[in-house]
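Morning, everyone. Let me put the structure up, and then we go through the contact between the chains, the strands and the rings.

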There are 2 protein chains.
Amino acid sequence: MKSINVKEFIDTFSSDESYTSAEQLKNVMDILNDVRQNKDQALLDYTSRFDGQELDEIKVPLSYLKESYEQLDEDIKKALVTAKERIEAYEKSIKYEDRNLGEFTYVYRPLERVGIYVPGGTALYPSSVLMTVIPAQVAGVKEIHVTTPTFERNNITFATLYLLGVENVYTVGGAQAVAALAYGTETIPKVDKIAGPGNAYVAIAKRLVYGDVGIDSIAGPSEILLYVDESSDVDAVVYDVFAQAEHDPNARTFLLSESEAFIQKVEQRMEELIEDQPRKEIIKHSVANNHYPIVDTRENLIKVSNYIAAEHVSVQHEEEDAIVDAIDYAGAIFKGKTTCEAIGDYVAGPSHVLPTDRTARFSHGLNVNDFMTSHSIISLTNETYQSIVGDAAIIADREGLFAHKASLLVRKED
Amino acid sequence: MKSINVKEFIDTFSSDESYTSAEQLKNVMDILNDVRQNKDQALLDYTSRFDGQELDEIKVPLSYLKESYEQLDEDIKKALVTAKERIEAYEKSIKYEDRNLGEFTYVYRPLERVGIYVPGGTALYPSSVLMTVIPAQVAGVKEIHVTTPTFERNNITFATLYLLGVENVYTVGGAQAVAALAYGTETIPKVDKIAGPGNAYVAIAKRLVYGDVGIDSIAGPSEILLYVDESSDVDAVVYDVFAQAEHDPNARTFLLSESEAFIQKVEQRMEELIEDQPRKEIIKHSVANNHYPIVDTRENLIKVSNYIAAEHVSVQHEEEDAIVDAIDYAGAIFKGKTTCEAIGDYVAGPSHVLPTDRTARFSHGLNVNDFMTSHSIISLTNETYQSIVGDAAIIADREGLFAHKASLLVRKED
C-alpha cells in the first residue's frame with residue numbers, strides 16, 4: 001500500500017473534465033436533428049442500428065408491465081414496497097411549500113410533463129427506477145414518460161414501473177431517446193424536463209437539448225469518500241470500498257484517515273477479502289486504478305474532502321459530528337458506522353441519483369424539488385410603490401430605457 | 001388590429017427552439033479549447049479580434065472601479081442604494097435554511113467561487129449587476145469574479161460593482177470569458193458556477209461547459225404577457241407593451257383579454273403614442289413582428305398563459321387573484337395595476353434575471369438559492385437500520401451487486 005498526503009493528492013489528481021470532441025458533438029447533433037425530422041421512424045432505425053432490435057412498437061404494452069410485476073417473487077415485491085414507502089416519505093418531508101412574504105409570494109408548481117431515462121443493457125437496476133420516478137410523483141408531475149433500452153418482454157425494470165403506476169414506457173435508449181423526449185415524435189410527447197443517468201452519448205445529448213427542455217445533472221462514474229478512524233470496523237470499511245468499486249472499473253474510492261496504521265489494516269484486509277468477491281475482476285481493476293488512500297491531518301483531510309466533493313461521503317469516526325459539519329460539498333453524507341452507503345442506494349430515503357466528479361460543488365442530488373418550478377408574485381402596496389418609483393425611474397433613465405420610465409411614471413402620484 | 005384566439009395562436013406560434021448548427025458548436029468548442037490551452041494569451045487575442053481592444057491587462061484596477069463610482073451623480077447613487085437594499089432584503093427572505101428531519105438533515109452551503117457574466121457593448125445596465133451579484137452575496141459565496149466586455153475606463157457597470165464591493169473584475173466577454181471562468185487562466189481562476197445573461201455565443205459556451213461548472217439558465221429575448229380587462233388603465237397598459245418592446249426587435253409582447261373592445265382601445269392608443277417614443281424604431285419593429293393580441297375565454301387564456309410561460313406576466317384585472325392563482329408557469333408575476341413590470345426591473349426586489357422563451361415551464365428566476373448547493377446527511381438509528389437492512393439486501397442481490405449486499409449484512413445483527 002502507498003498512502004498519499006493531501007498536497008500530493010491535489011497536485012496529481014485530475015477529475016474527468018469533459019474533453020468532448022467536435023466529432024462526438026456532431027454525431028449527437030445529427031441524431032438529434034434526425035429524430036426531430038423523422039420522429040418515430042428515426043427511433044426505429046437507431047434502435048435497429050445501435051441496439052440490434054427490430055421493434056414492432058416503441059411503446060411497451062401495459063400487459064408486459066403487469067406480467068413483469070406478477071412474475072416477481074414475494075420477497076423482492078415486499079422489498080420494493082419498503083423502498084417505495086421510505087423514498088416517498090422522505091421526498092414529502094423535503095418538498096418546498098409556498099411562502100407568503102407580504103408584498104411577495106414565492107410559489108412552487110409541479111412540472112407538467114417529465115421524461116425519465118432509465119439505463120438498460122445487461123444489468124437492470126430497479127432501485128434507479130424508484131429513485132427517479134418517485135421524486136417526480138411526489139412533486140405532483142402530471143405525466144411521466146420513461147424511456148429505457150430494455151427489450152426483454154418481462155423484466156424487473158418494467159415490474160418496478162408497474163408497481164409505481166407508470167404507464168408511458170418506451171423501449172428506446174441513447175441520444176435518440178433524449179431527442180424524442182426533448183422534441184417529441186408521433187409516439188413520445190415532448191416533455192418539459194429530462195432526468196436520469198445514461199451513457200456518454202446520453203450525457204452529450206442532454207447538454208445539447210438543455211434550454212429547449214430542462215435536464216437534471218450529468219452523471220459520471222460512481223465514487224465514495226470514506227473518512228475513518230481507529231474506532232471503525234475494518235471489515236465494514238473494506239466492504240464499503242468494494243461496494244463502490246464493483247460498480248465499474250472507473251468507480252473511485254477515497255479512503256481518508258488521520259491514522260496511517262488504520263489505513264494499513266484496511267488495505268491488508270482488502271487483499272485478504274478481494275478473492276472471495278463475486279465481482280472481483282471489476283473490483284480489482286477499479287482498486288488498482290482508482291483507489292486513493294490518503295493520510296493527513298484533520299484540517300488537510302477536510303480540505304481534500306471539499307475539493308473532491310464526492311458523490312457519497314461516509315464518516316465512520318468518533319468525532320463524526322465535527323467532521324460532517326466541516327464537509328461543505330458532497331452528494332450525500334452517511335454519518336456513523338451503521339448508516340453505510342449501500343443502505344442509501346436502496347431504502348434509506350434520499351435519491352441515490354447524486355452529483356459525481358466534483359459537481360457536488362455546484363449541484364445537488366435529484367429530489368422532489370427538481371420536478372417543480374417556482375416563481376415570485378409581486379404585489380406592492382401603493383405606498384411602497386410611490387416611495388420607490390422615483391429611484392426606479394432614475395435608473396431607467398440612466399439605462400436609456402425611456403418607455404420603462406414612462407410606464408413607471410404613468411403610475412406615479414403627484 | 002387583428003386579434004387572434006387561443007387555438008389559432010398555439011397552431012401558429014413557434015418558440016425559438018435551438019437549431020444550433022454543428023459549425024457554431026465547433027467554433028465555440030475551438031474557442032473553449034484554445035482558452036484552456038493558451039489561457040490569458042488566448043483571451044488577449046480574442047479580445048483584440050472580436051472586440052477590437054488591445055488590453056494591457058485583463059483585470060480592472062480597483063482605482064478604475066472607485067473612480068467610476070465617485071463620478072456618479074448623487075441621485076443615481078441614491079437610486080442604486082435603494083435598489084441594493086431592497087434586493088438584499090428580498091433575497092434574505094427567500095434563502096433556504098437547513099432542515100433537521102430526525103434521521104435526515106438537509107443542509108445548504110454557499111458556493112465557494114462564482115463567475116458572473118455582465119453584458120457590455122453599447123448599452124450598460126447597472127441593474128443587471130445588482131440583480132446577479134447581490135443574490136450571490138446574500139448566499140455567502142466566498143469569491144465573486146465578474147467578466148464584462150466593457151472597455152471604457154470609467155462607466156456605470158464598474159461603479160455599480162464598486163458599490164457592491166466586488167473587486168475581481170475582468171474586461172473579457174463572449175465565449176472566451178465563459179471558457180476562462182470554466183477552466184481558469186493565469187489571471188482568472190476557475191469558478192464553480194457561471195451566471196448571468198449574454199449573447200448567442202455565450203449561451204452556446206455555457207451549454208458546452210455545463211458539467212465542468214454549473215450554469216444558470218440560458219437567456220433569450222425579453223417578453224411580457226399582459227392579462228387585462230376593462231378596468232385596466234389604457235395608457236399604463238400601452239407603456240407596459242412599449243417598455244418590453246423597446247428592449248430589442250425580438251422582444252415579444254402578448255396582450256390577453258376576455259374583452260375584444262378593450263384590446264381595441266389599447267391597440268388604438270398604441271398607434272397614437274408610438275410616435276413620441278424615443279426608442280420608437282425598435283418599438284415599431286418589435287410590435288410589427290412580435291406583438292400578439294389574443295382575445296378568448298378565461299379558460300383558454302389561462303391555457304395559453306401556461307403554454308407561453310412568459311418571462312414577465314402582468315395581471316391587471318378585477319379578478320386578479322383567481323387569474324394569478326391559475327397561472328402555473330411564469331418567470332415572475334406582477335399582480336395589480338400599480339405593480340408594473342418595470343418596477344421589478346429595478347427596485348422591487350426579486351432578480352430580473354428570469355427564464356424566457358417558455359423555459360419557465362421547467363426553470364425559475366435567478367435567486368440566492370442558485371448560489372448555494374445542498375446535500376442530505378443520513379444517520380439512521382440502529383433500530384431503523386435493522387428493520388430495513390433485509391429488504392435492502394434483497395434488492396442488492398437482485399441487482400447482482402454482491403459487495404453492496406456484503407456491506408449491508410456485515411452491519412446486520414442476528
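The contact draws 128 residues from chain A and 128 residues from chain B, where contact means heavy atoms within 4.5 Å. This is a predicted model, so to speak by its rules: local features need pLDDT of at least 70, side-chain atom pairs count only at pLDDT 80 or more, and totals for chains, interfaces and linings use all residues. Residues are numbered from 1 along each chain as its sequence is written, chains are lettered from A and ligands numbered from 1 in the order written, and side-chain values use heavy atoms, with hydrogens and water left out.

Now the area. Between them, chain B and chain A bury about 11200 Å², and 59% of that is on carbon and sulfur atoms. Buried area here is the accessible area (1.4 Å probe) that two parts lose on being put together, summed over both. Who loses the most in chain B? Y346(B), F362(B) and R411(B) do, together 7% of what that side buries.

We count 10 salt bridges between chain B and chain A. The criterion is a side-chain nitrogen of Lys or Arg within 4 Å of a carboxyl oxygen of Asp or Glu. One of them pairs R361(B) with E112(A), closest N and O atoms 3.6 Å apart. The side of chain B that touches chain A has 66 nonpolar, 30 polar and 32 charged residues.

β12 of chain A (residues 332-335) runs parallel to β13 of chain B (residues 372-378), joined by three bridges. Strands are DSSP runs of E, at least two residues, and helices are runs of H or I, at least four, numbered from the N terminus. Two strands pair if DSSP finds at least two bridges between them. In β13(B), S376(B) sits opposite A332(A).

Within chain A, there is an open sheet of five strands, order β5-β4-β3-β6-β7, with parallel pairing. Its edge strands are β5 (168-170) and β7 (214-215), each pairing on one side only. β4(A) (residues 143-147) meets β5(A) over three bridges, parallel. There, H145(A) is opposite N168(A).

Last, rings. The whole structure has 20 aromatic pairs over all chains. Rings of Phe, Tyr and Trp (its six-membered ring) pair if their centres lie within 6.5 Å; planes under 30 degrees apart are stacked, over 60 edge-to-face, the rest tilted. F9(A) and F254(A) are edge-to-face, 6.0 Å centre to centre and 85 degrees between planes. F9(A) is in helix α1 (residues 6-12) and F254(A) in strand β9 (residues 252-257) of chain A, so this pair ties together parts 245 residues apart in sequence.

Notes
Ala, Val, Leu, Ile, Met, Phe, Trp, Tyr, Cys and Pro count as nonpolar, Asp, Glu, Lys and Arg as charged, and the others, Gly among them, as polar.
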